Amino acid sequence: MNTPIPVVICDDSSLARKHMARSLQGWNVDITFASNGLEALEAIQNGLGHLVFLDLNMPIMDGYQVLERIQRDDLPTLVLVVSGDIQPDATKRVKSLGALDFIKKPINEQIVSDILHQYGLLQELSPNSEQPQRHNPIDTTIDLQSYYQEIANVAMGRAGDRLARLLGVFIHLPIPRVRLISINELAMTLQTHIQREASATVSQGFVGSGIAGEALLLFTETSIKDMATLMRYDDALTPEAEREILIDLANVLSGAFINSLALQLDVNFSQGPPSIIGLHGNLPEMDTQQKNWEKTLSIEIGYRIGEKTISCDLLLLFTEDSLTTMNNRAKFFETL
């Protein structure tokens with residue numbers, strides 16, 4: 001019988017690890033899971049990763065750092081990057097660090113098969129009816145946190161790619177922060193952002209198929225000035241020009257994020273036009289008494305743009321009555 005090929009699937013999302021393992025189902029592989037880059041390196045050094053499927057945005061050690069270590073130490077492994085960060089510069093960077101290729105999330109089994117075939121790995125990993133696929137005993141149960149984290153990660157990558165193409169710079173993508181917060185905690189979060197530095201806030205609502213929410217894009221005023229430079233606004237930065245910049249950026253970032261989210265949730269969202277609800281540190285007070293919900297699902301992403309000190313926060317909020325529909329979809333994806 002052929003010896004199984006040692007494969008490492010490295011991703012901080014248990015949902016992503018499960019989907020990647022499913023794409024290799026029935027093949028002659030011995031899978032080891034890693035939730036961060038350090039765990040992946042340890043597995044490779046122990047001979048468990050002749051082939052590695054590597055995420056980029058992870059805690060402790062990200063994918064770029066893993067590739068740098070593999071290259072520096074000349075570790076015996078082949079790496080395929082699997083990420084929601086689809087910026088052209090991200091693809092170029094990982095290939096310059098020795099990655100074979102780039103697979104964008106969410107995983108498509110046929111694309112994975114085609115890429116393995118392209119690099120002559122498909123025959124080596126071909127199914128073996130006498131020896132079933134094996135993997136190490138790591139719990140891959142999907143919780144709701146992991147589900148929302150992963151769909152946010154993919155949507156964040158799509159939005160970052162749109163912004164990178166608009167500005168011609170690399171967008172540094174963080175790990176999305178996903179949590180359930182109260183309406184009072186939300187008010188405190190917004191107030192903290194505003195007090196940090198004079199800021200502007202743009203709102204864009206969306207609704208569809210039992211899911212409703214609002215995307216808030218928060219910029220500091222110093223970032224707006226630098227963004228104007230990147231967007232080649234040569235005229236004076238008048239209040240009208242500031243508003244035009246904010247609306248343009250909201251259309252790119254919020255719109256791309258919401259569209260990617262809709263695609264992953266398999267729903268059609270009707271989106272309202274972006275609306276500036278706060279400028280120069282002013283934000284209308286939230287009337288918590290008029291809200292008919294106590295908790296909201298919050299997805300928070302802090303984009304850092306290029307090598308400049310430009311940053312903006314995207315805060316996605318879902319109404320409490322949307323959670324039942326979204327949780328049911330999460331359970332459906334877990335059974336796929």
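**Backbone, burial and contacts**

Analyst: We begin with Asp74, which sits in the loop between H3 and strand E4 (78–83). Keep in mind that this is a predicted model.

User: What is the phi of Asp74?

Analyst: Most residues other than glycine have a negative phi. Asp74 is not a glycine, yet its phi is positive. The value is about 50°.

User: Is Asp74 buried or exposed?

Analyst: Exposed means over 50% relative accessible area. Asp74 has 65% relative accessibility, so Asp74 counts as exposed.
The label follows from the cut-off, and the answer is exposed.

User: Where is Ile60, and what is its phi?

Analyst: Ile60 lies in the loop between strand E3 (51–54) and helix H3 (63–73). Ile60 counts as exposed because its relative accessibility is 66%. Its phi is positive, in a residue other than glycine. The value is near 70°.

User: Which residues does a cis peptide bond join?

Analyst: Most peptide bonds are trans. Here a cis bond has an omega of about -5°. The bond joins Lys105 and Pro106.

User: How many residues of helix H1 are buried?

Analyst: Helix H1 covers residues 14–23 and is mostly covered. Its buried residues include Leu15, Ala16, Met20 and Ala21.

User: Which residue caps the N-terminal end of H1?

Analyst: Look for a side-chain oxygen that lies 3.3 Å from the backbone nitrogen of Leu15. That oxygen belongs to the capping residue, Ser13.

User: How many disulfides does a search of the whole structure find?

Analyst: A disulfide is a covalent bond between the sulfur atoms of two cysteines. Cys10 counts as buried because its relative accessibility is 1%. Cys312 also counts as buried, at 1%. The search of the whole structure finds a disulfide count of zero.

User: Is Met231 buried or exposed?

Analyst: Met231 is in the loop between helix H8 (221–230) and helix H9 (239–265). Buried means under 20% relative accessible area. Met231 has 18% relative accessibility, so Met231 counts as buried.

User: How far apart in space are Met231 and Leu167?

Analyst: Leaving aside neighbours within four places in sequence, Met231 is in contact with residues including Leu166, Leu167 and Ile245. Met231 and Leu167 are 64 residues apart in sequence. In space, C-alpha to C-alpha, they are 6.3 Å apart.

Notes
Residues numbered from 1 in each chain as written. Predicted model: local features only at pLDDT ≥ 70, side-chain atom pairs only at ≥ 80, totals over all residues. Heavy atoms only, no water. Helix = DSSP H or I, 4+ residues; strand = E, 2+ residues; numbered from the N terminus. Buried < 20%, exposed > 50% of the residue type's maximum accessible area, 1.4 Å probe, protein only. Polar contact = N/O pair within 3.5 Å; in protein donor to acceptor, adjacent residues only side chain to side chain. Disulfide = S-S within 2.5 Å. Contact = heavy atoms within 4.5 Å.
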